[in-house]
Amino acid sequence: MKGVWFSLGAIIGLLCSCGLFLYTLTTSPHLTAYSIPLFGAAQEAEDTVWGEDPRPPSDDEDWGKINCTVPEMRNFDDFYDYIDRRELQCHKPVMSGGCIMTGTTFLIGEKWVCMDNRFNITPGRCLALSFGIAKDFSFDDDMDKRFNCTVHAFDPTIRTPTHRRSANVMFHNLGIAKSDRVERNMTMARYTTILKKLQLEHSVVDYLKIDVEGYEAEFFSDVIRNTPNLLKNVKQIGMEIHAQSGLPLRRELLWMYFGFLRCYGFKVMFSEINPVKSLRFAVRGQERSCCYEVVWAREKQW
């Protein structure tokens with residue numbers, strides 16, 4: 001697994017459904033099989049289909065009118081190479097949330113946040129939207145307790161009523177999708193509908209976390225096709241990508257959405273394969289997985 005240890009010199013306590021997880025990032029017996037992923041220098045791929053970077057649009061432009069050309073994916077190597085190629089450097093990566101998967105040494109549920117000065121993530125004035133909880137509130141609680149951020153958390157699958165979890169964390173019994181609908185007795189809503197409901201359509205989102213078991217494709221479909229200007233206010237997108245081996249059309253769709261993100265100026269800042277070996281498979285002789293953690297951001301001083 002790619003990565004190095006970061007000497008952050010801090011002890012972090014994380015409480016989640018997997019149990020109490022207390023560790024020191026520099027010397028953790030729990031993480032002997034897991035290395036902290038590298039946010040280091042931007043990587044240059046030897047062979048990439050993307051060509052030169054497009055001119056990043058300004059915030060004054062209508063992103064819905066951008067003429068975006070997405071190159072054809074030659075094979076699935078292109079898909080995974082895009083994920084693996086980190087084009088944006090982060091000097092101050094911070095892990096938020098995470099816990100040990102029951103019966104393993106794997107760390108799951110963690111998200112990486114870049115605290116470089118250019119992102120201007122200010123404790124006490126930051127906002128995080130967190131889609132996909134299951135039983136793990138560790139990211140949300142971390143953003144609250146460590147950074148004093150306002151957090152709105154969403155998940156209709158755990159059948160828990162909307163409630164205030166803490167002074168800063170509000171849980172919503174609501175899921176994200178490409179349309180406003182009720183699906184299997186779960187209320188789903190578009191990203192724009194949710195922002196309007198919370199009166200956040202003009203607010204800056206410091207971190208947009210999306211871990212929704214495949215519904216990220218619906219999020220992309222709606223936002224990129226209908227409301228791309230909403231992405232102007234998002235500093236960082238942390239997402240788990242789901243691209244199972246038996247769903248080639250999803251990879252084709254995600255490839256197109258990756259291309260539009262690139263046209264909007266978003267670059268991969270962090271990526272990591274899911275550590276669970278049973279979720280991996282071979283594609284063209286390479287070990288791949290159904291799931292990858294990816295963080296995108298723009299080269300912008302906020």
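This is a predicted model: local features need pLDDT of at least 70, side-chain atom pairs count only at pLDDT 80 or more; totals for chains, interfaces and linings use all residues.

Me: How many cavities of 30 Å³ or more does a search of the whole structure find?

Reply: The search finds 2.

Me: How much space lies in the second largest cavity?

Reply: About 40 Å³.

Me: Which residues line the second largest cavity?

Reply: Tyr191, Leu195, Leu200, Glu201, Ser203, Val205, Leu230, Asn233 and Val234. By class, that lining has 6 nonpolar, 2 polar and 1 charged.

Me: How does the lining of the largest pocket split by class?

Reply: There are 24 nonpolar, 8 polar and 13 charged residues.

Me: Which strand gives the most to that lining?

Reply: Strand 19, with 3 residues. Strand 19 covers 291-298. Other elements supply at least two residues each, including helix 2, strand 15 (236-242) and strand 16 (266-273).

Me: Switching to charges. How many salt bridges does the structure hold?

Reply: It holds 24.

Me: What does arginine 146 form a salt bridge with?

Reply: Aspartate 142. The closest N and O atoms are 3.1 Å apart. Both residues lie in helix 2 (residues 138-147), 4 residues apart, which is about one turn of the helix.

Me: Is aspartate 142 buried or exposed?

Reply: Buried, because its relative accessibility is 5% and the cut-off for buried is under 20%. Arginine 146 is at 33%, so it counts as partly exposed.

Me: And glutamate 287, which residue does it form a salt bridge with?

Reply: Arginine 280, with the closest N and O atoms 3.1 Å apart. Arginine 280 is buried, because its relative accessible area is 16%. Glutamate 287 is at 45%, so it counts as partly exposed.

Me: What about glutamate 87 and arginine 85: how far apart are the closest N and O atoms?

Reply: 3.3 Å, in a salt bridge. Glutamate 87 is buried, and arginine 85 is too.

Me: Last one. Which residues are linked in a network of salt bridges?

Reply: Asp53, Arg262, Lys267 and Glu299.

Note on methods. Residues are numbered from 1 along each chain as its sequence is written. Side-chain values use heavy atoms; hydrogens and water are left out. A salt bridge is a side-chain nitrogen of Lys or Arg within 4 Å of a carboxyl oxygen of Asp or Glu. Buried means under 20% relative accessible area, exposed over 50%, partly exposed in between (1.4 Å probe, protein chains only). On a 1 Å grid over the protein atoms alone, a cavity is a set of points where a 1.4 Å probe fits but cannot get out, and a pocket is an open set with protein on both sides within 12 Å along at least five of seven lines; lining residues have an atom within 4 Å of a point. Grid points are joined across faces, edges and corners, and a volume is the space filled by probe spheres set on the points. Ala, Val, Leu, Ile, Met, Phe, Trp, Tyr, Cys and Pro count as nonpolar, Asp, Glu, Lys and Arg as charged, and the others, Gly among them, as polar.
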